[in-house]
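Trainee: I've just opened this one and could use a guide. Can we go through it together?

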Amino acid sequence: MKIIILGAGQVGGTLAENLASEANDITVVDNNPGRLRELQDRLDIQSVLGRGSYPRVLKQAGAQDADMLIATTNSDEVNMVACQVAWTCFRTPTKISRVRTGAYLARPELFDRDKKEGFPIDVLISPEQVVTEHITRLIEYPGTLQVLDFSRGLARLVAIRASEGGPLVGHELSYLRAHMPRIDTRVAAIFRRDRPIIPQGDTVIEEGDEVFFIAASDHIRAVMSELQPLEKPYKRIMITGGGNIGHRLARTLEDRFRVRIIERSQDRCIELSENLDNTIVLQGDAANKDLLLQENIEDTDVFCAVTDDDEANIMASMLAKRLGVRKVMTLINNPDYVDLIQGGEIDVAISPQQTTIGSLLTHVRKGDVVNVHSLRRGAAEAIEAIAHGDQRSSKVVGLRLDEIPLPEGTTIGAIVRDNEVLIAHDHVRVQPDDHVILFLVDKTRIREVEKLFQVGLTFF
């Protein structure tokens, strides 16, 4: 595909890196020459210096024959206008825009293309909303590293670290079925010392393994209890940073948890207190030991550091952990930091770029792909693809799962059929309109997976 990416920041740069590695024709537009040079030194892409909303700049980037425009600059206004210009001047088929400001998102008529009056944006991406949903799921399932929804939440893929006290630790995977005969699940992948292992029945789970398993949503906690002692549900949440993410997170959680939010700016504190109903708003510095002790940090279940300053998030999180908070979740914008800090005093490091990338990749994948989740900082991927066609036109319909020629390092975790979750077993056959959930430990094989789910011409 020929894709134009506006904005060479963290999201745009990470997206360019993901797409350039998959043989797409990528052009990145930004008004920062240093950032463009940095990307060109690492990636096989083209770049255009200029403001992405200008018709001249878009024409220079090749908008007249581009398949897709993805606007990810830091300015909502530039992103929205760029989509309008791309459609009006160049009839660009697919336009994806990052919009962060709540004042715009609160007016859906601005983006209602059915009425032909709103901005011509085909897909609206709000990184803050995606990150908020990600953190919320981690809080709802204590002890998880990642929780991913498929088929409107009917099935979930969960990443969890196996620890001492889990009944399955030290045993073969086949033991799970004997121990839990009424619970069906599939371990999609295991990462041991950062190396992927394709699970077999005789694979032994070791302490410290990062285990990805898929199950119906109702069975998630039961499977988790096999891999680590179940943690008590969280009750008290402390958020540091009252920006867009902090505000959204507090609003999402305040009806079910006891939430406090710490924010430096007095004006922002006043604004938060006016917009939140059941959240205690505190003005101060979350890296202040006396403030944390005064707020009984040792009795807090989760400390979420979500300011836009990585160093401030890391320092506040480390202090909170040492003062006795049960779990620390830290927002890290610099992807180079994520692997360095997760698993020590910081329990979960959250990369907004990787969390958001899945939402964007969903619309780039070929075949009928309805869900994409980027995992392991972009090295692995989980996708939900719909099987179309019949036995003549499809490479998967009518086949047993053990007959499908999957690329090496790819596993099928589950099939969702008529709102029922079928965990993948060799005897299951794929039927038309099945939602097939796959896990790839090697993302470079994604093109081979896409081809499996593309319908042949005989179908038409």
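Trainee: Is R193 buried or exposed?
Mentor: This is a predicted model, where local features need pLDDT of at least 70, side-chain atom pairs count only at pLDDT 80 or more, and totals for chains, interfaces and linings use all residues. Residues are numbered from 1 along each chain as its sequence is written, and side-chain values use heavy atoms, leaving out hydrogens and water. Buried means under 20% relative accessible area, exposed over 50%, and partly exposed in between, with a 1.4 Å probe and protein chains only. R193 has a relative accessible area of 69%, so R193 is exposed.

Trainee: Which loop holds D433?
Mentor: Phi of D433 is positive, near 75 degrees, though the residue isn't a glycine. Strands are DSSP runs (E, at least two residues) and so are helices (H or I, at least four), numbered from the N terminus. D433 sits in the loop between β21 (420–423) and β22 (435–440).

Trainee: How do α1 and α14 lie to each other?
Mentor: Their axes, lines fitted to C-alpha atoms over the stretch in contact, are 10 Å apart at about 55 degrees, on a scale from 0 to 180 degrees between N-to-C directions. Under 35 degrees is roughly parallel, over 145 roughly antiparallel, 65 to 115 roughly perpendicular, and the rest oblique. So α1 and α14 are oblique.
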